[in-house]
Every structure is written in C-alpha cells, then in structure tokens.
Amino acid sequence: MLATLRWLLPAVLFAVLVHRTDARREPPWLVVLTFVLGSVAALVSLVVVGRAASLTGLDVRVSTAGESGALVFLFFVVAPAQEAGKVAAAWPAFLSKHFDEPYDGVVYAASSALGFAAVENGFTLHAHPTGGIWLARALLALPAHVFFACFWGYALGRAKHSKARIPVFPAAFLASIVAHGLYAHFVYGRGPGALLAVTPLLAVMGFVAWLLARDLRLRGDRPSRVPSASGGSRLSRLSIVTQPPSLSAVRSALTRADQPVKVRWVFFGSLVTIGAMIVGLGAGVLMARLLKVDLSTVDEHDVGAAAPVLLLGIGLLASFPTSGWLIARAAGVRTLLEPALACLLALVITLTGLGFAAPFTVVFALALSPIAWVLACFGAWIGREA
C-alpha cells in the first residue's frame, strides 16, 4: 500500500499541472473527484482483467500466451476495459454544468487517466519492488495514460459544443485502444529491450495530444468555427519553423477540391518511399559497421543488447521526411494528399510483406507506422513550401 501512496504524489502533481493549463480553471473538487474515480476504475479493471485472464488462460506476456494470444488479450480485453474505465470516471464531469468549454475534455480526461495510472503503478511496484526496469515502466505509465485519454478527451470536448452529424468519439476511442494496446505490448508483453520501441511511439502520441489540446483551446477561444486555411493561404517558411500548423490547416492540406488526385504520383511516390526505406536501413547497417556494432547480438530481453537496433530505427525513420520532401518537390503539389497517400500505400505494402516474411515484426512496424506517416507529411509540408 505504501507503493500506491508513493505514486499518488507524482500523479497528483501532474494533474495539478494539467489543471493549471486551463485558462478558465475547473472546480478543484470536480477535478479531484475525477482523479479518485479514475483510481477506482483502475481497481475495477484489475479485477476484470484478472478474472478474464483466469477464465481464458491468456496473458499480456508473449512468453506466457504466445504472440497471438498476448495480442488478442491486449487489444480485445485489457486496453478496452482500461480505457472504458477511464471514460466512465470522466463521465460525471462531462455531464456536469462545469464542463462548459472544449478544453475541459483534456482536463478531465487527464485527471481520470492520472488517477488510473497512480493506482496501476502502485500495484505494479508493490509486486516488483526492485529492478530499474519496473521503475522505468512506472515512469512511462504516467504520460502514456494521459496521451491515450487525450484521444477520447478531445472527442468529449468536441461533442459538448459541436453540432456535427458524425460523432468523433467512436473513432477517437478506437484510436486510444490501438495506442494503448501497442504501448502495453512493448512495455509489458515483451522483454525489457522492447521499451526502446516505445520511446518514438510516446513522442508522437505526445505531439498529437498537444495538437488536439491546442485545437480544443482554439475552439474555446473562438466561439465560431475556426477558419481553416484556404487554397491561397499557406504558412510561410518562418511559421513552419516557429509554429506547428493547426489541425484545420493540416485538414485543408490533406484535401483537394480544385482538381483530381494525381494517382500516378501516389504509386510512384510509394516506390520512392520504399526505396528511401531501403536506403535508410542500409545507412543504419553501414553506421553500425563503422561503429563496430554487431547487430546479430540484438536481444529484446536485454536493454543493452537491444540498443544497437536504434541505429536501424533512426536510419529508417529518417527516410520518411526525405521521401515526403522528394515527392512534394517532384510532383509540384500544393497539398499533402499525394505524399500522404504514397506513404500510406508504401506502409501497407511493407506490412503485407512482413506478414509473410517475418510475422513477429509486424507489431513493431505497425507501432512505427504512425510515426513514419507523420514524418513523411512533415517532409512534404516543407517540400511544398520550399
């Protein structure tokens, strides 16, 4: 129980920080109540997941349930149950009169998630009081649970003040389940070395969560609909460096209403992307050779032995902004649609090939795919403005 109480302090401090980001502060008692309900949700989910594990014989660990069994248990039991518990904890705040601006969706979702993470970390460290790897897992859990919750928290903020016919919540909740499942698979399902794969995933999720929170803040500051970037208005080179684009600007850049999609550049761009991926991997292997790093010794059960794979990861990820830039410059497009579709097609081809050649790597590739797509769009964004 002391471990649980010890992890309440950083979670509370994190919740206070999130609360202070709201220009129009929410009632402290309601934020605290949401935090407490999130803690209760964690206790309930522990019982539900434990019961499901005993009935099915499945487990989150690949070593116990196998690759397929662990993935099924994570994506169809653990992640949905935990995210549903956090939503239930935030629901009283959503129904209250104090939920009066879009950004409140982030505040209450984060409060629920931090209460959940505090109790989960307490039980984790109580079961594993020693070992730096378990402390690292506990430290990652605090921001990770907040990032998952920001997806559906964004949807709740939109739903409270939006008249859109198509609800955003189902897609946002599904996104949180997928992100949660991938995170839990690497952190708890595989060996300690797999924690290295979570670092870029969490970085991208944090960036996306920040964009979603900023979009909700803009919606709250401007009661009318935030104007999106039109066909003639584009960010300058300076603004690209100093200020990331808004979600409305990104949506505008990913649509094309004036002319049809240049299909040939989508297919040609996918070949460019695959070629850039091969070059990136080759650069990683060459760098490992120059540094006298033996890639054959990589072992996911040892953090030190898995570290060399970062060379391959860096080389691979660096290929996506490069290919996005090349496609945007060569095609002369003024939107991101062709480069984005080209990257998506290249990723689908790659995942399909890995499914036949090396099925166990598909999960790793799937976790890196959103990062790769964002990087490709970023490179294309710079390329179209150059």
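**Exercise 1. Work out how many helices and strands the protein chain has.**

Step 1: Start with the rule. Helices (H or I, at least four residues) and strands (E, at least two) are DSSP runs, numbered from the N terminus.
Step 2: Apply it. The protein chain has 14 helices and zero strands.
Step 3: Read along from the N terminus, and you get α-α-α-α-α-α-α-α-α-α-α-α-α-α.

Before going on, keep in mind that this is a predicted model, where local features need pLDDT of at least 70, side-chain atom pairs count only at pLDDT 80 or more, and totals for chains, interfaces and linings use all residues. Residues are numbered from 1 along each chain as its sequence is written, and side-chain values use heavy atoms, with hydrogens and water left out.

**Exercise 2. Find what percentage of the residues of the protein chain count as buried.**

Step 1: Buried means under 20% relative accessible area, exposed over 50%, and partly exposed in between (1.4 Å probe, protein chains only).
Step 2: Of the 386 residues in the chain, 46% are buried.

**Exercise 3. Take a look at α13 and say what span it reaches.**

Step 1: The expected span of a helix is 1.5 Å times one less than its number of residues.
Step 2: With 21 residues, α13 reaches 30 Å from its first C-alpha to its last, close to the 30 Å expected.
Step 3: Now check its buried residues: among them are Leu337, Ala340, Cys343 and Leu347.

**Exercise 4. Identify the residues that make the nonpolar surface patch.**

Step 1: Patches take residues with over 30% relative accessible area and no salt bridge; like charges are joined within 9 Å, and nonpolar side chains (Val, Leu, Ile, Met, Phe, Trp, Tyr) within 5 Å. A salt bridge is a side-chain nitrogen of Lys or Arg within 4 Å of a carboxyl oxygen of Asp or Glu.
Step 2: Val261, Val263, Phe267, Leu341, Leu344 and Val348 make a patch of about 480 Å². Such areas come from the Shrake-Rupley method with a 1.4 Å probe; for residues, only the protein chains shown count as cover.
Step 3: Two or more residues each come from α10 (263–290) and α13 (337–357). The largest share, three residues, belongs to α13.
Step 4: Val261 sits in the loop between α9 (247–253) and α10. Val261 is partly exposed, at 32% relative accessible area.

**Exercise 5. Count the disulfides in the structure.**

Step 1: A disulfide is a pair of cysteine sulfur atoms within 2.5 Å.
Step 2: The structure holds zero of them.
Step 3: Cys377 is buried, with a relative accessible area of 10%.
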